[in-house]
Amino acid sequence: MTVNELTYEIRGAIFDVYNELGPGLLESVYEEALVFELKERGLEVERQVEVPILYKGNELKTPLRLDLFIENTIIVELKSVEDMKPVFAKQLLTYLRLLDKRVGLLVNFSANNIREGIIRIAN
């Protein structure tokens, strides 16, 4: 599956979760539902994946944690907030850089229109 095909499948799962649950719930609820949807579609999903941080050749003791890692290719960061902050996109871009991955999706389940709540970030 190409990156574009994979992101298309992920977006479809996001739409299904949003249409079923609607906006305004906790991020952890959307995460669990989205993992279910993605696995139903036959995708490999890792949840709450630790991202090691190297500083001058030393691994720091406080790793980062990303929400979802799909098919060892796409990082998905979930939010359920009124206002998306620029730091959320920067955070996802850092995860992409640290794991040497190309594409991630930043998703805000509190958006009034889920199409506007999905942002594709490329490294």
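In the loop between which two strands is the place of glycine 57?

Tutor: Glycine 57 sits in the loop that runs between strand E2 (54-55) and strand E3 (58-59), where helices (H or I, at least four residues) and strands (E, at least two) are DSSP runs, numbered from the N terminus. Before going further, please keep in mind that this is a predicted model, in which local features need pLDDT of at least 70 and side-chain atom pairs count only at pLDDT 80 or more, whereas totals for chains, interfaces and linings use all residues. Residues are numbered from 1 along each chain as its sequence is written, and side-chain values use heavy atoms, with hydrogens and water left out.

Glycine 57 is exposed, with a relative accessible area of 69%; the scale here calls a residue buried under 20% relative accessible area, exposed over 50% and partly exposed in between, with a 1.4 Å probe and protein chains only. From C-alpha to C-alpha, glycine 57 is 42 Å from tyrosine 18 in space, while the two are 39 residues apart in sequence.

The C-alpha atoms fill a box of roughly 45 × 35 × 20 Å along the principal axes. A compact globule of 123 residues would have a radius of gyration near 14 Å, and the 14 Å of this protein agrees with that; the radius is taken over C-alpha atoms, and the globule rule is 2.2 Å times the number of residues to the power 0.38. Of the 123 residues, 41% count as buried. Among the contacts (heavy atoms within 4.5 Å) with a separation of 6 or more, 56% are between residues 24 or more positions apart.

Glutamate 71 is partly exposed at 31% relative accessibility, and asparagine 72 is partly exposed at 43%.

In one of them, glutamate 9 and arginine 41 meet at 3.5 Å, N to O. Glutamate 9 lies in helix H1 (residues 3-21) and arginine 41 in the loop between helix H2 (27-40) and strand E1 (45-51), so this pair ties together parts that are 32 residues apart in sequence. Arginine 41 also forms a salt bridge with aspartate 16, where the closest N and O atoms are 2.4 Å apart; that pair links the loop between H2 and E1 to helix H1 across 25 residues. Glutamate 9 is partly exposed at 25%, arginine 41 at 29% and aspartate 16 at 36%. Together, Glu9, Asp16, Glu37 and Arg41 are linked in a network of salt bridges.

Glutamate 50 and arginine 65 form a further salt bridge, with 3.0 Å between the closest N and O atoms, and this pair links strand E1 to strand E4 (residues 64-70), 15 residues apart. Glutamate 50 is partly exposed at 45%, and arginine 65 at 43%.

Glutamate 77, in strand E5 (residues 74-79), makes a contrast: it is buried yet has no salt bridge, and the nearest side chain of opposite charge, lysine 79, is 4.2 Å away. In this count Lys and Arg are positive and Asp and Glu negative, while His and the chain ends are not counted. Leaving aside residues up to four places away in sequence, glutamate 77 touches Arg65, Leu66, Asp67, Gln91, Leu92, Tyr95, Leu105, Leu106 and Val107.

Technical notes. A salt bridge is a side-chain nitrogen of Lys or Arg within 4 Å of a carboxyl oxygen of Asp or Glu.
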